[in-house]
Amino acid sequence: MGLVYKFKKEQLEDGTFVSHPRIPVILHGENVSIEVAALIDSGCDATVIQEDLAKAVGLNLKGSESTLYAFREASIVINSKASMTFMGRKARQNIKVQVPVLIVKSKEGFSEDAGIVLGVEGIFDKFNIHFKKNKNQIVLNSV
Amino acid sequence: MTYADYEWFLKENLTKYAGKWVAIVDERVIVSGKDAALVVKEAKAKYPTKRPFLAKVRNKLSIL
């Protein structure tokens, strides 16, 4: 069956609601492990983590820099990697993976309001991901 | 965290925390703020034996 999650309905500034595929992952760092709501984004090439969150867990910020482009913006990012656990309803369902990540400065990045975005590289090759909005389900099956 | 904190996050309208990080323990927000590191530090100080569930509250229509 795999890991099954629901969409998070969030209210916008104008009072309308949108649904986001946000799932619980444990982000493991040198300092601490933190459970965090991560946004799945099939349009994002890589997994992107805000700098303040990366610092909170103790990810390596000394990697090489590159530029991340989005719609009409470009951001400088640090290449790093992270271990994360995809949480199941029961602990025995948890799946731990290691993925390349891009760490973006909180004030500059396009993902400023997302915290952590799970992009294609390193995630979509480890899971088959099905978005079923009409059933309010996101299903991840380990490959 | 228990999985219940994630499920509580899904159901709860957290609009009043828009743009901020929230730390959730036992199905309630215990700390909020703009900086994830400070939120985690404060949450750990309040509940040293628990692992908080962290989420950034969004309220802007966006393309990533």
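A:E35 has B:F53 as its bridge partner in β3(B), the strand that spans residues 53-56 of chain B. The model is a predicted one, in which local features need pLDDT of at least 70 and side-chain atom pairs count only at pLDDT 80 or more, whereas totals for chains, interfaces and linings use all residues. Residues are numbered from 1 along each chain as its sequence is written, and chains are lettered from A and ligands numbered from 1 in the order in which they are written.

Helices (H or I, at least four residues) and strands (E, at least two) are DSSP runs, numbered from the N terminus. Within chain B, strand β1 (residues 21-25) runs antiparallel to β3(B) and is joined to it by 4 bridges, with B:F53 as the partner of B:I24. From β3(B), B:F53 and B:A55 point one way and B:L54 and B:K56 the other, all of them being buried, that is, with 20 or more other C-beta atoms within 10 Å of their own; 12 or fewer count as exposed and values in between as partly exposed, with C-beta atoms placed from the backbone.

The contact between the chains takes 32 residues from chain A and 24 residues from chain B, residues being in contact if their C-beta atoms, placed from the backbone, lie within 7 Å. On the side of chain A that touches chain B, two or more residues each come from β2 (8-11), β3 (17-20), β5 and α1 (51-57).

Key. Pairing = 2+ DSSP bridges. Contact = placed C-beta atoms within 7 Å.
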